[in-house]
Amino acid sequence: MKRALPLLLLGSLCSGLWAQQFKLNLDHLAGKAANVVDISLNGPMLQFAAKFLDNKDPDQATVKKLINGLEGIYVKSYEFKNTGAWSPSDLDAVRNQLKGPDWMKMVGYTSSEDGETADIYIRTEDKKINGIAVLVSAPKELTVVNIAGSVDLESLSTLGGHFGVPKLVPPPHKK
Amino acid sequence: MDWLEQELKNALERKAPSPDFAERVRRRTRGDGFRTALWPQRWLAAAAALLVLAGAGMGYRQYQGNQARQQVMLAFRIAGAKVNHIQAQVKERMR
């Protein structure tokens with residue numbers, strides 16, 4: 001048992017590292033941020049959490065379905081009080097990892113008006129999506145999400161409209 | 001010899017133990033008497049300690065599960081909100 005424990009710990013650590021599909025080297029921003037969300041859940045943790053999700057709650061039931069087939073979910077989100085707390089190189093360090101052949105930029109936009117950029121990347125293997133990366137930046141915000149595992153676009157679309165977020169409704173057209 | 005010396009002499013004088021003294025000592029050291037009487041209490045204390053430990057273990061597991069559930073829900077809330085926001089912005093720009 002004494003020999004098995006370090007192996008189990010090592011295995012758990014390795015599975016965590018393998019599940020995350022790119023490095024989120026943003027920890028140095030935590031000290032500057034007013035609000036930080038740092039979530040790192042690998043497959044076993046997701047399965048453990050799934051046991052505690054309540055099927056009677058519609059949101060939790062949806063998440064329970066989404067968890068099936070997932071290998072991990074990793075979120076780093078920082079909100080700052082002032083602009084200039086993060087630099088473009090912070091985001092480039094993440095973006096550069098998504099330039100490999102496995103990743104493809106699905107959608108993205110840049111707003112010069114409010115300085116916001118956002119991209120969704122998908123990772124494919126054998127013509128199947130097995131990972132999603134979401135990068136959102138604003139002058140006072142930086143959020144990076146990696147959902148690892150077999151997430152199809154249907155699952156992605158079910159994310160919208162839950163948790164109090166309204167279903168995809170375009171904002172009023174500016175005249 | 002005054003009365004105090006006499007009293008002390010009486011008190012410290014060697015007395016032979018009662019005939020069953022040795023047997024009583026043997027019985028106690030074997031645990032047939034005193035220890036046997038405490039057995040049920042000890043078992044009860046051990047069972048109570050086990051129950052408390054099991055309860056604490058279950059409570060801790062429930063706590064960990066709730067923490068994991070909250071983290072999963074928050075992660076999907078953020079992911080869902082961001083994806084929905086991007087979709088809305090892109091759709092708006094495509095008009």
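Predicted model: local features only at pLDDT ≥ 70, side-chain atom pairs only at ≥ 80, totals over all residues.
## A buried pair in chain A

Both Arg95(A) and Asp119(A) are buried. These two residues also form a salt bridge, with 3.2 Å between the closest N and O atoms.

## Salt bridges elsewhere

How many salt bridges are there over all chains? The count comes to nine. One of them joins the side chains of Asp38(A) and Lys76(A), at 2.9 Å from N to O. This pair links distant parts of the chain, 38 residues apart: Asp38(A) is in strand β1 (residues 35-42) of chain A, and Lys76(A) is in strand β2 (residues 70-79) of chain A. Are the two partners buried or partly exposed? Asp38(A) is partly exposed, at 40% relative accessibility, whereas Lys76(A) is buried, with a relative accessible area of 9%. The cut-off for buried is under 20%, so the 9% of Lys76(A) falls in that class.

Chain B has a salt bridge to look at as well: Asp20(B) and Arg24(B) form one, and their closest N and O atoms are 3.4 Å apart. Asp20(B) is partly exposed, with a relative accessible area of 39%, and Arg24(B) is partly exposed too, at 41%. Turning back to chain A, Asp92(A), Arg95(A), Lys105(A) and Asp119(A) are joined into one network by salt bridges that share partners.

On one hand, β5(A) pairs with β4(A) in the antiparallel sense over nine bridges. In this pairing, Ile120(A) stands opposite Val134(A) in β5(A). On the other hand, β5(A) is joined by eight bridges to strand β6 (residues 141-149) of chain A, and these two strands also run antiparallel. Here Ile132(A) is found opposite Ile147(A) in β6(A). As a general point when following such strands, side chains in a regular strand alternate between the two faces of the sheet.

Glu125(A) is found in strand β4 (residues 116-125) of chain A. Glu125(A) is partly exposed, with a relative accessible area of 48%. Which residue 23 positions away along the chain has its C-alpha atom 7.1 Å from that of Glu125(A)? That residue is Asp102(A).

## The turns between the strands

The strands β4(A) and β5(A) form a hairpin with two residues between them. Asp126(A) has a positive phi of about 55° although it is not a glycine. Lys127(A) likewise has a positive phi, of about 60°, and is not a glycine.

What is the relative accessible area of Asp126(A)? The value is 71%, so Asp126(A) is exposed. Lys127(A) counts as exposed as well, at 87% relative accessibility. Further along, β5(A) and β6(A) form a hairpin too, with two residues between them.

## Chain B as a whole

Which kinds of element does chain B have? There are three helices and zero strands, giving the order α-α-α from the N terminus on. Its radius of gyration is 38 Å, well over the 12 Å that the globule rule gives for 95 residues, so chain B is more spread out than a compact globule. The C-alpha trace of chain B spans about 125 × 35 × 10 Å along its principal axes.

Of the 95 residues in chain B, 20% are buried. The chain exposes about 7700 Å², and carbon and sulfur atoms supply 61% of this area. As for charge, chain B has 17 positive and 8 negative side chains. The centres of these two sets lie 29 Å apart.

Definitions and conventions. Residues numbered from 1 in each chain as written. Chains lettered and ligands numbered in written order. Heavy atoms only, no water. Helix = DSSP H or I, 4+ residues; strand = E, 2+ residues; numbered from the N terminus. Buried < 20%, exposed > 50% of the residue type's maximum accessible area, 1.4 Å probe, protein only. Salt bridge = Lys/Arg side-chain N within 4 Å of Asp/Glu carboxyl O. Rg over C-alpha atoms; globule rule 2.2 N^0.38 Å. Areas by Shrake-Rupley, 256 points an atom, 1.4 Å probe, with all protein chains shown as cover. Lys, Arg positive; Asp, Glu negative; His and termini not counted. Charge placed at Lys NZ, Arg CZ, Asp CG, Glu CD. Pairing = 2+ DSSP bridges.
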